[in-house]
Amino acid sequence: MTSKEQRAGYLLIDNRFAPPELGIVPFLETATHTCSHCHRQIPKKPEIGYCCKCDAYLCDRCAVEATVTGECRPIAKVFDELLTAETRGTPLPLIGANHGQVLV
Amino acid sequence: MAKFSFKHSSITFTAVADTTNYTDAGYMALQGGTTTQYTKISEVYQGGLATASSPTFSVLSRDSTIAATITGLSTGASAAPLDVNTAALAAPVVAFIASTTKPQRAATLGLLSLGYNAFGGIVRWVAYPGEEIAMLGTAANTGEISLSAYTGGTPGISNCHLVFETT
């Protein structure tokens with residue numbers, strides 16, 4: 001059984017051989033986590049959003065929304081609803097109607 | 001499932017704001033081949049080729065306006081399967097850098113910030129298997145993902161690739 005930490009991605013931004021520029025980090029090598037609700041990548045940090053319903057990490061935006069609405073809405077579920085509507089020929093669901101603009 | 005690489009040997013991104021038309025040959029994008037096609041992006045790479053300092057504020061993002069009447073890839077750009085034995089798909093994912101109706105980056109659906117200096121900088125992101133960035137179909141906000149440069153800086157020439165897997 002793998003832990004969530006083991007399921008981290010890898011991000012490298014290496015500007016050590018480039019001249020310094022404002023807004024450009026000289027060097028960054030970090031693990032990244034995938035937000036379960038929108039797939040945004042979250043660089044590893046001490047405090048990270050978490051959804052106890054889908055047992056997965058969340059980005060800050062989705063963590064706030066999950067807290068406010070109390071609803072767990074993984075992007076896999078969103079895609080499933082889209083596929084169902086597409087297959088049945090019914091109108092596409094108003095995704096994210098109560099989720100700000102995460103997936104409208 | 002088949003894995004593909006969408007690469008561009010020498011692309012100079014054009015810096016644009018969110019919800020603004022992209023400029024042809026100034027971005028790289030993937031759009032589903034059918035309304036039910038599921039695609040996962042597992043790797044993004046950028047290697048700077050500029051000869052002067054070129055801060056490039058690259059962003060991987062979903063698109064809120066998707067491209068239409070897409071132009072085929074031109075010299076330097078290609079999308080090919082990683083495995084030579086991959087069977088040809090009836091409706092492959094559409095990789096493109098130009099179109100008649102321009103795509104627009106969504107304002108709130110950014111996935112990955114990859115700002116770097118194209119004067120020698122390198123960027124690489126790799127997903128853990130099962131934790132890839134997914135897109136579905138061809139609809140706005142869910143069916144198209146692009147790698148582009150956000151406003152600011154002076155984007156420089158770079159070579160890039162996106163590795164994706166599709167069903």
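Which strand and β15(B) pair in the antiparallel sense over four bridges? It is strand β3 (residues 28–31) of chain B; the points below take up this and other features of the model.

1. Basis of the note. This is a predicted model, in which local features need pLDDT of at least 70 and side-chain atom pairs count only at pLDDT 80 or more, whereas totals for chains, interfaces and linings use all residues. Residues are numbered from 1 along each chain as its sequence is written, chains are lettered from A and ligands numbered from 1 in the order in which they are written, and side-chain values use heavy atoms, with hydrogens and water left out.

2. Strand β15 of chain B. Helices (H or I, at least four residues) and strands (E, at least two) are DSSP runs, numbered from the N terminus. Strand β15 covers residues 144–150 of chain B, and because six of its seven residues are buried, the strand is largely enclosed by the rest of the structure. Buried stands for under 20% relative accessible area, exposed for over 50%, and partly exposed for values in between (1.4 Å probe, protein chains only).

3. Partners of β15(B). Two strands pair if DSSP finds at least two bridges between them. In the antiparallel pairing of β3 with β15(B), Leu30(B) stands opposite Ile145(B). Strand β6 (residues 58–65) of chain B also runs antiparallel to β15(B), joined by five bridges; here Ser58(B) has Ala149(B) as its bridge partner. Strand β2 (residues 15–16) of chain B runs parallel to β15(B), with two bridges, and Ala15(B) is paired with Ala149(B).

4. Ser99 of chain B. This residue lies in strand β10 (residues 99–101) of chain B. Ser99(B) counts as buried because its relative accessibility is 3%. Leaving aside residues up to four places away in sequence, Ser99(B) touches Asp24(B), Tyr27(B), Ala67(B), Ala68(B), Thr69(B), Ile70(B) and Thr71(B), where contact means heavy atoms within 4.5 Å.

5. Extent of the interface. The size of an interface is often given as the accessible area lost when the parts come together. Chain B and chain A bury about 3,000 Å² between them, of which 57% is on carbon and sulfur atoms; buried area is the accessible area (1.4 Å probe) that two parts lose on being put together, summed over both. Thr108(B), Tyr128(B) and Glu131(B) supply 20% of the area that chain B buries against chain A, more than any other three residues. The contact involves 34 residues of chain A and 38 residues of chain B.

6. Polar and charged pairs across the interface. Between chain B and chain A there are 16 residue pairs in polar contact, both residues being at pLDDT 80 or more. A polar contact is a pair of N or O atoms within 3.5 Å; within protein, one must be able to donate a hydrogen and the other to accept it, and residues adjacent in sequence count only if both atoms are side-chain atoms. The count of salt bridges between the two chains is one: Arg7(A) with Glu131(B), whose closest N and O atoms are 2.8 Å apart. A salt bridge is a side-chain nitrogen of Lys or Arg within 4 Å of a carboxyl oxygen of Asp or Glu.

7. Strand pairing between chains. Strand β1 (residues 9–14) of chain A runs antiparallel to β13(B), to which five bridges join it. In this pairing, Tyr10(A) stands opposite Val126(B).

8. Chain A. This chain has two helices and five strands, in the order β-β-β-β-β-α-α from the N terminus on. Of its 104 residues, 42% are buried.

9. Salt bridges within chain A. Over all chains, the structure holds 11 salt bridges. In chain A, Arg16(A) forms one with Asp14(A), at 2.9 Å between the closest N and O atoms; Arg16(A) is exposed at 52% relative accessibility, whereas Asp14(A) is buried at 11%. Arg73(A) is buried at 13% relative accessibility and has salt bridges with Glu71(A), at 3.9 Å between the closest N and O atoms, and with Glu81(A), at 2.9 Å. These shared partners join Glu71(A), Arg73(A) and Glu81(A) into one network. Glu71(A) is partly exposed at 28%, and Glu81(A) is partly exposed at 25%.
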